[in-house]
Amino acid sequence: MSAIANRYEFVLLFDVTNGNPNGDPDAGNLPRLDPETNQGLVTDVCLKRKIRNYVALEKEEDAGYAIYMQEKSVLNNQHKKAYDALDIKPEPKKLPKEVEKARALTEWMCRNFFDVRTFGAVMTTEVNSGQVRGPVQMAFASSIDPVVPMEVSITRMAVTNERDLEKERTMGRKHIIPYGLYRAHGYISAKLAERTGFSEDDLELLWRALINMFEHDRSAARGEMSARKLIVFKHDHPMGNAPAHRLFDSVKVVRVEGEEDTPARHYSDYRVSIDAEALPAGVSVDEKL
């Protein structure tokens, strides 16, 4: 299938209840925070990981939908698959001197790995498969309001070692946010999609992943996480008809009137609106969720 022909931007709203949406390993796995505003943060890497996991579950062994960046994968071995498929002998850290062969290696990686043709990849390792600039990019998500992380003590009725049998229980801790509504922005370039082969089918798969990725990512640490809103802006022209920030500014998320001074504890405590009349010519909006 041919590459997409339109530029897109999107706004994703998701929330967490009594969970940790994205722990910071440099801070004892506390939920990530903006230290100046106390707004919660979720990294783009975290969101892309969930998209990859969803695609791996839905597509499983389908050709063309393998995941390049997966848990415990050896990237050099991933690159070697392209060399083996094209019957090219790899040279340490170097692409083939023939431009056609070098391009063929990178194109093979794009055709066979969903996340390479979607997000791009730097594959200039010892087994060099080139670099790909992906058409889909995401920014950090940040919470609409400041959040207050809590540390909760937990007990375990079992022990790990026999020498601890005298203990009645062992103690542990987990970090949660009582509630937070997060907003993330995403960008999709039609021109970069032409280079990687990111297609309309891939685009529909991306929308499904954004809507459903939390449904298949449950854990005790993350509490209840849900995608609440997916607002997509579509440009008529491949290069776009308006700057992305103008489109994002048309989406307002505010507290329900009369509730501004109380802590939010549910999505219904917010009101989401889209100023469709303010959209520039050549841009349409679609609420996928």
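**Where two helices meet**

Mentor: Start with a contact between helices. In α1, the residues I51, Y54, V55, E58 and K59 meet L205, L206, R208, A209, L210 and N212 of α6. Keep in mind that this is a predicted model. The two helices, α1 and α6, pack at an angle of about 110°, and their axes lie 9 Å apart. Angles of 65 to 115 degrees count as roughly perpendicular, so α1 and α6 are roughly perpendicular to each other. Their crossing, α1 over against α6, is right-handed.

The largest nonpolar core has 38 residues, and F14, I51, I188, W207 and L210 touch the most other members. Several elements each supply at least two residues of this core: β1 (8-19), α1 (44-59), α4, β7 (136-138), β10 (170-188), α6 (200-212) and β11 (224-235). The most comes from α6, which gives 6 residues. Two names return here. I51 of α1 and L210 of α6 belong to the helix contact, and I51 and L210 are also among the residues that touch the most other core members.

Take F14 next. Leave aside its neighbours within four places in sequence. F14 is then in contact with V42, L47, A141, G180, L181, Y182, A184, F214, M225, S226, A227 and R228. Another core lies apart from the largest one; it has 17 residues, including I231, F233, A244 and V283.

Turn to helix α3. This helix has 14 residues, 99-112. At 1.5 Å a residue it should span 20 Å, and its end C-alpha atoms are 20 Å apart, so the two values agree. Buried residues in α3 are A102, L105, T106, W108, M109 and C110. An α-helix has 3.6 residues a turn, so residues three or four places apart point the same way.

Finish with V254. It sits in strand β12, residues 251-255. Its relative accessibility is 36%, so V254 counts as partly exposed. Beyond its neighbours within four places in sequence, V254 is in contact with D269, Y270 and R271. V254 and S273 are 19 residues apart in sequence, and their C-alpha atoms are 8.6 Å apart in space.

Definitions and conventions:
Residues are numbered from 1 along each chain as its sequence is written. This is a predicted model: local features need pLDDT of at least 70, side-chain atom pairs count only at pLDDT 80 or more; totals for chains, interfaces and linings use all residues. Side-chain values use heavy atoms; hydrogens and water are left out. Helices (H or I, at least four residues) and strands (E, at least two) are DSSP runs, numbered from the N terminus. The expected span of a helix is 1.5 Å times one less than its number of residues. Buried means under 20% relative accessible area, exposed over 50%, partly exposed in between (1.4 Å probe, protein chains only). A nonpolar core is a set of buried Ala, Val, Leu, Ile, Met, Phe, Trp, Tyr and Cys residues joined through side-chain atoms within 4.5 Å. Contact means heavy atoms within 4.5 Å. Axes are lines fitted to C-alpha atoms, for helices over the stretch in contact, and angles run from 0 to 180 degrees between N-to-C directions. Angles under 35 degrees count as roughly parallel, over 145 as roughly antiparallel, 65 to 115 as roughly perpendicular and the rest as oblique. A crossing is left-handed if the near helix is turned anticlockwise from the far one by less than a right angle, and right-handed if clockwise.
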